[in-house]
Amino acid sequence: MAFELPALPYATNALEPHVDTKTMEIHHGKHHQAYVTNLNNAIAGTDAEKLSIEDICKNISKYPVAVRNNGGGHYNHSLFWTIMGPNAGGAPGGDLADAINAAFGSLDEFKKQFAQAATTRFGSGWAWLLVTADGKLAISSTPNQDNPLMDIADVKGTPILGCDVWEHAYYLHYQNRRPDYVTAFWNVVNWNKVAELYKAAKK
């Protein structure tokens, strides 16, 4: 089964003004599509064709760099689209809010530490909120299209929130102002989806 580009769960203009329509069109339709196409080409005729993208990531050290880059690109973006949405933002509730307060002291402190990870990642990469093997929340950042699922990650776990800090994610609207983009990101975070992912990761 070849991997496919997932449809956006909202219109390309739904995250305006925080994420502009043109960026969404190019980011989803061009960049993510390229990762899917290149991943399928990279795994053609290999056992990886039968695996889920999660299993490929978890064993990424076994695969060539093209699988790491494009498999990571596909997994990361597939998650990214779902944890954003229109009429989003605000604050998490329930178990997720309790876990954030326990791990970081407060939502504001979590956002501060997450923004630090996102804005200080040199070059291209991602900032993550993840659930570690012992069920705790942690923040990390990864280079390029790496992610915490990968067996080569410095901090391993299940990602439940990711912020893409590749320039293609923000440059049309924010130019070199990555911190402004990261600040705006909180207005489109779908905390209900993040809470759902948190619950699943804790099982």
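How many cavities of 30 Å³ or more does the count come to? The count comes to one. The structure is a predicted model.

**The cavity**

- The largest cavity has a volume of about 40 Å³.
- Its lining is made up of Val19, Met24, His27, Phe80, Trp81, Met84, Ala169 and Tyr181.
- Sorted by class, these lining residues are seven nonpolar and one polar, with no charged residue.
- Helices H1 and H3 each contribute at least two residues to the lining of the largest cavity.
- Rolling a probe the size of a water molecule over the atoms shows where empty space is left.

**The largest pocket**

- The volume of the largest pocket is about 170 Å³.
- Four elements each supply at least two residues of its lining: helix H2 (53-58), helix H3 (65-82), strand S3 (158-164) and helix H8 (191-202).
- Of these, H8 gives the most, with four residues.
- The residues lining the largest pocket are Glu54, Lys58, Tyr75, Leu79, Thr82, Leu149, Thr158, Pro159, Lys193, Leu197, Ala200 and Ala201.
- In this lining, seven residues are nonpolar, two are polar and three are charged.

**The nonpolar cores**

- In soluble globular proteins, nonpolar side chains tend to be buried together.
- Here the largest nonpolar core has 47 residues.
- Phe110, Phe114, Leu137, Leu161, Phe185 and Trp191 are the residues with the most contacts inside this core.
- Strand S1 (residues 125-131) gives the most to this core, with six residues.
- Leucine 137 touches Leu96, Ala99, Ile100, Ala103, Phe104, Leu129, Leu130, Val131, Ile160 and Tyr198, leaving aside residues up to four places away in sequence.

**Histidine 74**

- Helix H3 contains histidine 74.
- Is histidine 74 buried or exposed? Histidine 74 counts as buried because its relative accessible area is 5%, and buried means under 20%.
- The side chain of histidine 74 is joined to that of histidine 32 by a polar contact of 2.9 Å.
- Not counting residues up to four places away in sequence, histidine 74 touches Phe3, Glu4, Pro6, His32, Tyr35, Val36, Leu39 and Ile53.

**Backbone details**

- The peptide bond from glutamate 16 to proline 17 is cis, and its omega is near 0°.
- Proline 17 is located in the segment before helix H1 (21-43).
- Which value does phi take at asparagine 144? Phi is near 55° there, a positive value in a residue other than glycine.
- Asparagine 144 sits in the loop between strand S2 (137-143) and S3.
- With a relative accessible area of 40%, asparagine 144 is partly exposed, because that class lies between 20% and 50%.
- Glutamine 175 also has a positive phi, near 50°, and is a residue other than glycine.
- The loop between helix H6 (171-174) and helix H7 (178-185) holds glutamine 175.
- Glutamine 175 counts as partly exposed, at 32% relative accessibility.

Note on methods
Residues numbered from 1 in each chain as written. Predicted model: local features only at pLDDT ≥ 70, side-chain atom pairs only at ≥ 80, totals over all residues. Heavy atoms only, no water. 1 Å grid on protein atoms, 1.4 Å probe; cavity = no way out; pocket = protein on both sides within 12 Å on 5 of 7 lines; lining within 4 Å. Points joined across faces, edges and corners; volume = space filled by probe spheres on them. Nonpolar A, V, L, I, M, F, W, Y, C, P; charged D, E, K, R; others polar. Core = buried A, V, L, I, M, F, W, Y, C linked by side-chain atoms within 4.5 Å. Buried < 20%, exposed > 50% of the residue type's maximum accessible area, 1.4 Å probe, protein only. Contact = heavy atoms within 4.5 Å. Polar contact = N/O pair within 3.5 Å; in protein donor to acceptor, adjacent residues only side chain to side chain.
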